[in-house]
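Please consult the sequence and the structure while reading the numbered points.

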Amino acid sequence: MSASWADAPSGCTVDVRLVKHGRTKITYPARLLADDGERVTVRAPWAGEGARDFGFVRFEPGDVFTEHFWRGRWYAVKEVRDAAGTLKGWYCDVTRPAGLADGVLVVEDLDLDLWVSADGREVLRLDEDEFAASGLAESDPAAAAAASAALDGLEELARTGRLTELTAR
């Protein structure tokens, strides 16, 4: 069970550790904005090296991510803004529920993603081929089912203009 930082002052720094297929993919520092015991919200600059163009969005140095992770939900929602503060959109990762302990927020990425443009018109399901190839459906059918349901739920919220309900305070 993860410790809650609900009483910690905002502005504390945590390390976000993204794990994929049992290995740490990236670890980056983030400023803790809130922790209510269920949802942890952090803010961090783009942690990748240089720019990354996905075709539908380009992440680059100066971009700021406000990231929402849940201890009881199978996803994370990341609001992406450019250096000037203009909203680019939301990148949603399907993950196992997050855990926070000893200043480290651990998130296991399950390959499925959803992109929602700033105007909400573009909703893209991503990496379903990677998810299928991961073997999770065979090795952990319950987790695979939860991941698929999470992606479906996120897509439904996005298509009905309700994705921001997840991140509202």
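1. A residue is called buried under 20% relative accessible area, exposed over 50%, and partly exposed in between. The model discussed here is predicted.

2. Asp152 forms a salt bridge with Arg125, their closest N and O atoms being 3.0 Å apart. The pair links distant parts of the chain, since Arg125 belongs to strand β11 (residues 123–126) and Asp152 to helix α3, 27 residues apart. Salt bridges with shared partners join Arg125, Glu128, Asp152, Glu155 and Arg159 into one network. Arg125 is likewise partly exposed, at 29% relative accessibility.

3. The structure holds 16 salt bridges. One of them joins the side chains of Asp111 and Lys20, at 3.2 Å from N to O. Here strand β10 contributes Asp111 and strand β1 (residues 13–20) contributes Lys20, 91 residues apart. Asp111 counts as buried at 2% relative accessibility, and Lys20 counts as buried at 17%.

4. The largest nonpolar core has 23 residues, of which Val77, Leu114, Leu154 and Leu166 touch the most other members. Helix α3 gives the most to this core, with 8 residues. Beyond its neighbours within four places in sequence, Leu154 is in contact with Tyr75, Val77, Cys92, Leu114, Leu163 and Leu166. A second, separate core of 15 residues includes Val16, Ala30, Ala44 and Phe69.

5. Is Ala83 buried or exposed? Ala83 is exposed, because its relative accessible area is 67%. This residue lies in the loop between β7 and β8.

How values were computed: Residues numbered from 1 in each chain as written. Predicted model: local features only at pLDDT ≥ 70, side-chain atom pairs only at ≥ 80, totals over all residues. Heavy atoms only, no water. Core = buried A, V, L, I, M, F, W, Y, C linked by side-chain atoms within 4.5 Å. Buried < 20%, exposed > 50% of the residue type's maximum accessible area, 1.4 Å probe, protein only. Helix = DSSP H or I, 4+ residues; strand = E, 2+ residues; numbered from the N terminus. Contact = heavy atoms within 4.5 Å. Salt bridge = Lys/Arg side-chain N within 4 Å of Asp/Glu carboxyl O.
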